[in-house]
Amino acid sequence: MLWFRTPQKVYMKKGSLPVALEELKNYYNKKKAFIVTDTFLFENGFTKPITEKLDELGIIHQTFSNVAPDPTLACAKEGATQMNEFKPDVIIALGGGSAMDAAKIMWVLYEHPEADFLDMAMRFCDIRKRIYEFPKMGEKAYFVAIPTSAGTGSEVTPFAVITDEQTGVKYPLADYELLPNMAIVDADMHMSAPKGLTSASGIDAVSHNLEAIASIMATDYTDGIALQSLKMIFEYLPKAYDNGPNDPEAREKMANAATMAGMAFANAFLGVCHSMAHKLGAFYHIPHGVANALMLDEVLLFNASEVPTKMGTFSQYDHPHTLARYAMVADYLGLGGKDDEAKLKNLIKAIDELKEKIGIKKTIADYGIDEKEFLERLDEMAEQAFDDQCTGANPRYPLSSEIKQMYLNAYYGKHEEV
Ligand SMILES: NC(=O)c1ccc[n+]([C@@H]2O[C@H](COP(=O)([O-])OP(=O)(O)OC[C@H]3O[C@@H](n4cnc5c(N)ncnc54)[C@H](O)[C@@H]3O)[C@@H](O)[C@H]2O)c1
Ligand SMILES: [Fe+2]
């Protein structure tokens, strides 16, 4: 069986935040809100419109503002301890992917202090079929997510990534219980996003859409959303990048497009681009979106092969036809091309032009990663990428050697057949 899941409510429109928050009082009768955000956003007044509205509504609140990028388990435990003392009936996560993910883990620890974290973080192939019974969420607190970047889509996804600071291991959690109950997509929160964040998080959303479209679990529902999201990103990301603070329309379109991309991959999942980006980010501290951008062309070429060494599992069809699916994207974006191969070429060209417009460099080497170190650690990185849980939904099942070759191609910026 297939389904499509999304938060109960997704508020959208610039300026929607205060109106949406009213619902917490008027409809859900919430009394105690726990806000989770990062230090920068807190110190720069991003929580103010929330706390002012909560004061007006008579909802008491406490704020945890100690989330750092790539949040740690220690941080989530610290937040959960404070939650246990404060006993909120609503959690409000405000931020980019880091703060929203940290808040999701705090929510789990608050609702289920008895649950074994390692069991929850176990590997899966398809979260619709997993064996571990994830504990039921939402019995103590309702979860509201407000993104400030456009973006990770975490506000509408059942995923959270947390790092164990002692071992450096990243635990990806995936279960629909982790889906926020409400998302508030208000471009007022995005207006001041700096260029680096705008480009990295915007291209992250591009990769979410392309991976959702290629995924073996893509459906008509996820396709429609991902295509429209891509169209919006190609038009508005360069504008948001060039003139974000003065272009509310571009910011709003990007805010919506990123959340739509989140909906697409929340239901169709991702693929080997994210597998490789996760490890590239972890090994060399490259921002998540940039890491995806660097691998994207390689993955498109790899997936489009009509005679793969190995197919993905759990396929809903005998053959993924990924080349035709990328051609469909090119058609939707109006890129032209006389056949599917030409359309794929045009799609890759359009992605490269987009990356250039938003200041993303061409190769891994361009990001100053030392060649000797890269080659020395390549086997380990490729093995870890192979093992990443995103690999399972990729239409072409990669061999470790193929992942290695894609990394090499992306490092040097020249494509050799894999
Ligand atoms: N759960 C998911 O579904 C999912 C999906 C993709 C990525 N992620 C995770 O999300 C994280 C990346 O998230 P991100 O790209 O949103 O970055 P981020 O949350 O790490 O934020 C990056 C920096 O930008 C600042 N910032 C955020 N919004 C701002 C704004 N409006 N104005 C000015 N500064 C702002 C933050 O304070 C922070 O310093 C990674 O850890 C990644 O693993 C999660
Ligand atoms: Fe991503």
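This is a predicted model: local features need pLDDT of at least 70, side-chain atom pairs count only at pLDDT 80 or more; totals for chains, interfaces and linings use all residues.
Residues are numbered from 1 along each chain as its sequence is written, while chains are lettered from A and ligands numbered from 1 in the order in which they are written.

Let us start with the overall layout. The chain is divided into domain 1 (9-189) and domain 2 (195-412), with bounds that come from an automatic or database domain assignment. Between the C-alpha centres of the two domains there are 26 Å. Their contact takes 24 residues from domain 1 and 25 residues from domain 2, where two residues are in contact if their C-beta atoms, placed from the backbone, lie within 7 Å. On the domain 1 side, strand E1 (9-12), strand E7 (170-174) and strand E8 (182-185) each supply at least two residues. E7 gives the most to that side, with three residues. Helices (H or I, at least four residues) and strands (E, at least two) are DSSP runs, numbered from the N terminus. By class, the domain 1 side has twelve nonpolar, seven polar and five charged residues; Ala, Val, Leu, Ile, Met, Phe, Trp, Tyr, Cys and Pro count as nonpolar, Asp, Glu, Lys and Arg as charged, and the others, Gly among them, as polar.

Now turn to ligand 1. It is surrounded by 32 residues, the closest being Phe 40, Gly 96, Gly 97, Ser 98 and Thr 148; a residue belongs here if its C-beta atom, placed from the backbone, lies within 6 Å of the molecule. Helix H2 (39-43), helix H5 (97-111), strand E6 (159-163), helix H7 (195-214) and H11 are the elements that give two or more residues to this shell. Both domains take part, since the shell draws at least three residues from each of domain 1 and domain 2. Its residues divide into twelve nonpolar, 16 polar and four charged.

Two packed helices are described by the angle between their axes and the distance between the axes. Axes are lines fitted to C-alpha atoms, for helices over the stretch in contact, and angles run from 0 to 180 degrees between N-to-C directions.

H5 pairs with helix H4 (residues 73-86): the axes come within 8 Å and cross at roughly 50°. H4 and H5 are therefore oblique to each other, and H4 passes H5 in a right-handed crossing. Angles under 35 degrees count as roughly parallel, over 145 as roughly antiparallel, 65 to 115 as roughly perpendicular and the rest as oblique. A crossing is left-handed if the near helix is turned anticlockwise from the far one by less than a right angle, and right-handed if clockwise. The H4 residues in this contact include Cys 75 and Met 83, and those of H5 include Ile 105 and Tyr 110.

H7 meets helix H9 (residues 248-268), with axes that come within 8 Å and cross at roughly 35°. This crossing is left-handed. The contact has nine nonpolar, five polar and one charged residues.

Finally, the axes of H11 (residues 288-304) and helix H15 (residues 400-412) come within 9 Å and cross at roughly 130°. H11 passes H15 in a right-handed crossing.
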